[in-house]
Amino acid sequence: MNKKEIQRARNETRGCEYVTHFNNAGSSLMAAPVADYLYEFLKEEEMRGGYETAASRSMELENFYVRVAELINAKPKEIAFVENATRAWDMIFYSIPLKAGDQIITVRSEYGSNVIAYLHRAKQTGAELVILENNDDGEPDTNQLRKLVNKKTKLISMSHIPTGGGLVNPANEIGAIANEYGVPYLLDACQSVGQMSIDVEDIGCDFLSATGRKFLRGPRGTGFLYVKEDWIERLEPPLIDQFAASLLDEKTYLLRRDARKFENWERYFAGQAAFGRAIEYAMDFGLPKIQQRIFKMADKLREGLQEIPRLEVTDQGRLKCGIVTFRHEAMDAATIKSELARRKVNVSVSSGSGSRLSFMERGIEAVVRASIHYYNSEEELEHFLSKIRQLVE
Ligand SMILES: *Cc1c(COP(=O)(O)O)cnc(C)c1O
């Protein structure tokens with residue numbers, strides 16, 4: 001991104017005037033045109049009625065599917081609107097038939113909610129969870145994956161970018177192996193969509209889930225699911241209502257034939273339309289440019305942090321994304337976060353279930369997570385580093 005584009009991004013991000021927002025992996029600041037669009041939609045619901053607004057803006061609601069499809073190189077019929085990434089992911093994961101002895105392969109850095117769901121279904125079905133360990137770079141060992149896959153493997157499932165660090169998992173390499181062995185591949189792209197170019201054909205995934213509020217800068221309470229065309233009719237969602245299916249008589253219901261069979265009827269209509277708008281906004285800058293800017297800024301931040309004594313940058317992997325994590329010997333992560341908040345700098349703390357399996361192995365309790373977006377400036381990076389130095393020196 002050039003100076004002009006960055007200036008435009010900052011001008012159109014009203015929150016930049018108030019705060020240094022390095023919590024984009026939590027929830028980004030919405031862009032003004034997207035936020036204004038959302039408020040207008042809600043205002044119309046207030047003034048004219050919810051059903052009436054949905055009817056008059058039906059094309060804008062449809063636009064959501066077209067935009068998501070464009071963003072990830074899919075077809076609109078392969079996209080479902082779901083209220084968050086976790087439920088989108090669940091709708092697919094709980095659709096996949098599993099029985100005793102079957103295996104699910106995931107990675108060490110897997111997201112906590114997903115691990116809980118694997119264990120939940122393992123308990124229900126007798127299937128087994130297998131963890132692919134990391135190589136010396138801290139990335140899933142793809143050579144090992146070839147040895148783990150066998151006839152019992154019913155799913156390979158992984159977070160593209162884990163929530164608690166800069167690691168970018170090798171989604172394409174894993175996809176190539178999954179395809180070679182004919183194993184379905186579910187990618188949790190919650191942290192990667194919006195900060196990287198994502199192409200489901202290149203990746204080779206069968207299913208992909210993501211959220212609105214993180215790097216796509218959409219409203220909270222929005223998410224989407226991608227289901228590859230040939231899977232749509234082969235899977236029965238774990239929950240269905242009269243939107244997902246129609247009732248024909250006392251014995252028969254007919255499921256929809258597009259990915260919207262994974263949706264439910266009532267939803268955040270304004271959010272869905274504004275999420276579509278947010279994707280348009282991102283694509284207007286262009287995802288390759290966005291990615292380049294974010295990754296470069298994050299590398300710069302890591303370099304600065306590494307110069308601070310007794311501070312350890314905890315990001316793994318060769319390629320590192322916009323999530324920068326660190327800990328300090330003398331000051332715990334929660335204190336750093338609250339001290340920064342008093343100075344109008346937003347970061348978050350990664351601890352607990354989100355990164356449990358990875359943190360346990362590495363002996364980490366908690367880290368500070370500073371996540372950069374393209375609208376953050378070089379001045380904000382400097383400001384951030386000087387605040388950290390003041391705090392810990
Ligand atoms: C945030 C996150 C999720 C959950 O997204 P929600 O929209 O909060 O459900 C899932 N996976 C990863 C890797 C995440 O970082």
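1. In this predicted model, the axes of helix H11 and helix H12 (residues 287-306) come within 6 Å and cross at roughly 75 degrees, where axes are lines fitted to C-alpha atoms, for helices over the stretch in contact, and angles run from 0 to 180 degrees between N-to-C directions. H11 and H12 are therefore roughly perpendicular to each other, since angles under 35 degrees count as roughly parallel, over 145 as roughly antiparallel, 65 to 115 as roughly perpendicular and the rest as oblique. Ala282, Met283 and Phe285 of H11 meet Leu287, Lys289 and Ile290 of H12, contact meaning heavy atoms within 4.5 Å. By class, this contact of H11 with H12 has five nonpolar residues, no polar ones and one charged; Ala, Val, Leu, Ile, Met, Phe, Trp, Tyr, Cys and Pro count as nonpolar, Asp, Glu, Lys and Arg as charged, and the others, Gly among them, as polar. The helices (H or I, at least four residues) and strands (E, at least two) are DSSP runs, numbered from the N terminus.

2. On the conventions behind these values, residues are numbered from 1 along each chain as its sequence is written, and side-chain values use heavy atoms, with hydrogens and water left out. Local features need pLDDT of at least 70 and side-chain atom pairs count only at pLDDT 80 or more, whereas totals for chains, interfaces and linings use all residues.

3. H11 (residues 269-285) also packs with helix H2 (residues 32-48), their axes coming within 9 Å and crossing at roughly 160 degrees. That makes H2 roughly antiparallel to H11. The contact is made by Pro33, Val34, Tyr37, Leu38, Phe41, Leu42 and Glu45 of H2 and by Phe269, Ala270, Gly271, Ala273, Ala274, Arg277, Ala278 and Tyr281 of H11. In the contact of H2 with H11 there are 12 nonpolar residues, one polar and two charged. The crossing of H2 with H11 is right-handed, a crossing being left-handed if the near helix is turned anticlockwise from the far one by less than a right angle, and right-handed if clockwise.

4. Glu280 also lies in H11, and is partly exposed, with a relative accessible area of 25%; buried means under 20% relative accessible area, exposed over 50%, and partly exposed in between (1.4 Å probe, protein chains only). Leaving aside neighbours within four places in sequence, Glu280 is in contact with Asn63 and Arg67. Glu280 and Phe64 are 216 residues apart in sequence, while their C-alpha atoms are 9.3 Å apart in space.

5. A further helix pair is H13 (residues 333-342) and H15 (residues 378-392), which pack at an angle of about 120 degrees with their axes 11 Å apart. H13 and H15 are therefore oblique to each other, and their crossing is right-handed. Ile336, Glu339 and Leu340 in H13 meet Phe384, Lys387, Ile388 and Leu391 in H15. The residues of the contact of H13 with H15 divide into five nonpolar, no polar and two charged.

6. Helix H6 (residues 112-125) has 14 residues that should span 20 Å at 1.5 Å a residue, and its end C-alpha atoms are 20 Å apart, which agrees; the expected span is 1.5 Å times one less than the number of residues. The buried residues of H6 are Gly112, Asn114, Val115, Ala117, Tyr118, Arg121 and Ala122. Their cover includes helix H5 (85-93), strand S3 (103-107), strand S4 (128-132), strand S5 (153-159), strand S6 (185-188) and helix H14 (356-362). Just after H6, Gly126 takes a positive phi of about 85 degrees.

7. Arg310, in the loop between H12 and strand S11 (311-313), has a positive phi near 65 degrees and is partly exposed, with a relative accessible area of 48%. Lys344, in the loop between H13 and strand S13 (345-346), has a positive phi of about 60 degrees although it is not a glycine, and at 52% relative accessibility counts as exposed.

8. Ser28 lies in the loop between strand S1 (20-21) and H2 and counts as buried at 8% relative accessibility. Not counting residues up to four places away in sequence, Ser28 touches His21, Asn23, Arg213, Lys214, Phe215, Arg217, His373 and Tyr375. The C-alpha atoms of Ser28 and Ser371, 343 residues apart along the chain, are separated by 9.3 Å.
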